[in-house]
Amino acid sequence: MGKIILTGDRPTGRLHVGHYVGSLRRRVELQNSGEYDKTFIMIADAQALTDNIENPEKVRQNIVEVALDYLSCGLDPAKSTLFIQSQIPELCELTFYYMDLVTVARLQRNPTVKSEIQMRNFEASIPVGFFTYPISQAADITAFKATTVPVGEDQLPMIEQTREIVRKFNSVYSEVLVEPEVLLPENQACMRLPGIDGKAKMSKSLGNCIYLSDTADEVKKKIMSMYTDPTHIQVSDPGHIEGNTVFTYLDAFCRPEHFERYLPDYACLDELKAHYQRGGLGDVKVKRFLNSVLEETLEPIRARRKEFEKDIPEVYQILKKGSEAAREVAAQTLSEVKDAMKINYFSDAELIRAQAEKYSRSE
Ligand code: TRP
């Protein structure tokens, strides 16, 4: 069995640098590593609708935004299959059968679903589709026999639920489905990149995101306004690293070679941190450094986006081709699933013969 990647994003907005360090950067590396037989990247529009039913146009508009972000980060349609979830009806069919393998109580215990219900004030009126999206996510993953799912920490409960469904299916029917492994971001900063205001997470509604498609000026302004250490008032004051957004971003983005290029007085991030903690290092200097580091990542992404933006019909074409290719794979799995469940009645010659025999005997 080869190694297969599947992951995706809900198209509810443009992607930001949190998505980048949390998953996108890793996906591009994996795609280019040559270690995987196939890479599937899905725009999860159907899942996005589960909690955006008042706003379907937002989902529709953001499909191309997410696709542009994918392409500009280096996801390459020659190496990865980029597709749209709703174009693969086989996923719905799988979801329906998997629903029999999961209890309501188990879904209620899913920590991600729990916190999303709270966040959206859904308590008294949870849409059924939203409540069951972990099952549909299991269909997304297993339809492609994914072995590896690179996602952020918040998706762990989904992968765990998928693994349970796989085990249940394989034990009730037969070994058709593959249990996926999760691949988490490399460090804590990448796992949960805070918003520029230092709040827990980047979120569009809080207006605290740096988008991959922001201009250099916008990025600079956002970095200059970033939350640092409120007790670090004079440059000479000792400063704190913990909870200091600028340093968290450096943890996520900075590499040793950045110091040679932009801040040669320091050899590495630990030295910079030590100076900040001792006192005598101003926020502006650290922010300027972060801006240079981020620009080194964002500038090529921005430039590639500009190129792809020139031919939007081609972007849709890429998604169409990807969706067709993905559909073939999902259809193959669905057919194996239905065989295992023995619900392919019309191609089950043995069943038809046995039933016929039963009735010919009773004549
Ligand atoms: N739940 C993911 C998110 O909110 C999107 C998603 C849907 C996904 N299906 C998936 C991720 C399958 C990984 C695998 O971002």
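## Around the ligand

The shell of residues around the ligand is made up of six nonpolar, five polar and two charged residues. This is a predicted model. In total, 13 residues surround the ligand, and the closest are Arg10, Gln47, Gln137, Asp140 and Gln155. Two elements, β1 (4–9) and α8 (133–143), each contribute at least two residues to this shell.

Some of the contacts can be looked at atom by atom. Arg10 places a polar side-chain atom 3.2 Å from an oxygen atom of the ligand. In the side chain of Gln47, an N or O atom is 2.7 Å from a nitrogen atom of the ligand, and for Gln155 the corresponding distance to a nitrogen atom of the ligand is 2.9 Å. On its own the ligand has 360 Å² of accessible area, and the protein covers 90% of it.

## Aromatic pairs

Now to the rings. The model has 10 aromatic pairs. One of them joins Tyr20 and Phe253, which are stacked with 6.4 Å centre to centre and 0 degrees between the planes. Tyr20 belongs to helix α1 (residues 17–33) and Phe253 to helix α12 (residues 245–253), so this pair ties together parts that are 233 residues apart in sequence.

Are these two residues buried or exposed? Tyr20 has 11% relative accessibility, so Tyr20 counts as buried. Phe253 counts as buried too, because its relative accessibility is 2%.

Elsewhere, Phe40, Phe83 and Phe144 are linked into a cluster by ring pairs.

## Charges over rings

Lys3 lies over the face of Tyr36, 4.6 Å from the ring centre. Arg14 has its charged end over the ring of Tyr211, at 4.5 Å from the centre of that ring.

Technical notes: Residues are numbered from 1 along each chain as its sequence is written. This is a predicted model: local features need pLDDT of at least 70, side-chain atom pairs count only at pLDDT 80 or more; totals for chains, interfaces and linings use all residues. Side-chain values use heavy atoms; hydrogens and water are left out. A residue is near a molecule or strand if one of its heavy atoms lies within 4 Å of it. A polar contact is a pair of N or O atoms within 3.5 Å; within protein, one must be able to donate a hydrogen and the other to accept it, and residues adjacent in sequence count only if both atoms are side-chain atoms. Accessible areas come from the Shrake-Rupley method with a 1.4 Å probe; for residues, only the protein chains shown count as cover. Helices (H or I, at least four residues) and strands (E, at least two) are DSSP runs, numbered from the N terminus. Ala, Val, Leu, Ile, Met, Phe, Trp, Tyr, Cys and Pro count as nonpolar, Asp, Glu, Lys and Arg as charged, and the others, Gly among them, as polar. Rings of Phe, Tyr and Trp (its six-membered ring) pair if their centres lie within 6.5 Å; planes under 30 degrees apart count as stacked, over 60 as edge-to-face and the rest as tilted. Buried means under 20% relative accessible area, exposed over 50%, partly exposed in between (1.4 Å probe, protein chains only). A charge sits over a ring if NZ of Lys or CZ of Arg is within 6 Å of the ring centre and within 35 degrees of the ring normal.
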